[in-house]
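Open your viewer and keep the selection tool ready. The tour goes stop by stop, with something to select at each one.

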Amino acid sequence: MRLDKYLSNMGLGSRKDARGIIGSGVVTVDGHVVRAADAKIQEGVSNVQVNGQNIAYKPFVYLMLYKPAGYLSATEDGRGGPVATDLIGDDFNFYNLGPAGRLDKDAEGFLLLTNDGPFVHRIITPEQHVEKQYFVRLRTSITSEDQEAFQAGIQFKDGTLCRPAKLEAGAEPNTAFVTIHEGKFHQVKKMFLARNNEVVYLKRISIGGVPLDETLQPGAYRELTQEEMERLL
Ligand code: URA
């Protein structure tokens, strides 16, 4: 990776800022002052310092993406359509990022992207009970029988059993909040189909108690904070 990109990726500002820092002669690579912004760095191998401070390579990144509807939560779409990782810019796209769990193409909201495989496993495995919360708009309003059925564990029309889930009415008519601890294919949509209702809009609003940042616009992302990481783990 280029030195200016490395410094920028490790949080020292924009690429332009990084070039300014490099130009001022305070950057060393393996003990030698380097003034070329395009000097090659081997991530995790080269020792990069700014003013004598180590700028260590971060092997893992964890991004909160506000996935807009229309993007597949994958790194590739066999049909050539847009995918979530297309939204990631130069700042992080050299990391081999993938989604932790799925979110339907027509759904929007919190998609966690990371290059940390064991972390993905922890987030998606039902045994870890990481809760995911969704806001839904429905064809018809929910009933107290629906809430009891969600609490008892919904059975899909094909017989598949779900773990107990929480269903709460939203403030507007025909809206609700659903909290689940697993991630079966089209799970929330199928849960409502099993209750003879239908999801017309679906947004994931939190994962593991970490809410989707309200300041993020659809398509925008940011790194998870230390506090959010601790909550998730
Ligand atoms: N449930 C669904 O039906 N779709 C999603 O994307 C997530 C949960």
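Where does Asn174 lie? Select it: Asn174 is in the loop between strand 9 (166-169) and strand 10 (175-180). Helices (H or I, at least four residues) and strands (E, at least two) are DSSP runs, numbered from the N terminus.

Before moving on, some ground rules. This is a predicted model, in which local features need pLDDT of at least 70 and side-chain atom pairs count only at pLDDT 80 or more, while totals for chains, interfaces and linings use all residues. Residues are numbered from 1 along each chain as its sequence is written, and side-chain values use heavy atoms, with hydrogens and water left out.

**Stop 1: the whole chain**

Zoom out. The protein chain has six helices and 13 strands. Its C-alpha atoms fill a box of roughly 70 × 35 × 30 Å along the principal axes. Of the 233 residues in the chain, 46% are buried. Buried means under 20% relative accessible area, exposed over 50%, and partly exposed in between (1.4 Å probe, protein chains only).

**Stop 2: two positive phi angles**

Go back to Asn174. Its phi is near 60°, a positive value in a residue other than glycine. Asn174 counts as partly exposed because its relative accessibility is 28%.

Now select His129. This residue is in the loop between helix 3 (117-124) and strand 8 (132-138). Phi of His129 is near 55°, again a positive value in a residue other than glycine. At 49% relative accessibility, His129 is partly exposed.

**Stop 3: the ligand**

Which residues are around the ligand? They are Leu103, Asp104, Tyr134, His186, Gln187, Val188, Lys189 and Leu202. To be near a molecule, a residue needs one of its heavy atoms within 4 Å of it. This shell divides into four nonpolar, two polar and two charged residues. Ala, Val, Leu, Ile, Met, Phe, Trp, Tyr, Cys and Pro count as nonpolar, Asp, Glu, Lys and Arg as charged, and the others, Gly among them, as polar.

Color helix 5 (residues 187-194). Helix 5 gives the largest share of the shell, three residues.

Next, display distances from the ligand's oxygen atoms. A polar backbone atom of Asp104 is 2.6 Å from a ligand oxygen. For His186, a backbone N or O atom lies 3.2 Å from an oxygen atom of the ligand. For Gln187, the distance from a backbone N or O atom to a ligand oxygen is 3.4 Å. The protein covers 95% of the 230 Å² of accessible area that the ligand has on its own. Accessible areas come from the Shrake-Rupley method with a 1.4 Å probe; for residues, only the protein chains shown count as cover.

**Stop 4: Glu182**

Select Glu182. It is in the loop between strand 10 and helix 5. Is Glu182 buried or exposed? Glu182 is buried, because its relative accessible area is 4%.

Show its side-chain contacts. The Glu182 side chain reaches the backbone nitrogen of Arg163 at 2.8 Å. A polar contact of 3.5 Å also joins the side chains of Glu182 and Lys184. A polar contact is a pair of N or O atoms within 3.5 Å; within protein, one must be able to donate a hydrogen and the other to accept it, and residues adjacent in sequence count only if both atoms are side-chain atoms.

**Stop 5: the loop between strands 5 and 6**

Select Ala84. It is found in the loop between strand 5 and strand 6. Ala84 is buried, with a relative accessible area of 0%.

Then pick Gly89, in the loop between strand 5 (62-67) and strand 6 (98-99). Gly89 is partly exposed, with a relative accessible area of 24%. Gly89 and Ala220 are 131 residues apart in sequence, yet 10.0 Å apart in space, C-alpha to C-alpha.

**Stop 6**

Select Thr114, in strand 7 (residues 108-114). Thr114 is buried at 3% relative accessible area. Its C-alpha is 6.3 Å from that of Leu63, 51 residues away along the chain.

Finish at Ala56, in the loop between strand 4 (53-54) and strand 5. Ala56 counts as exposed, at 60% relative accessibility.
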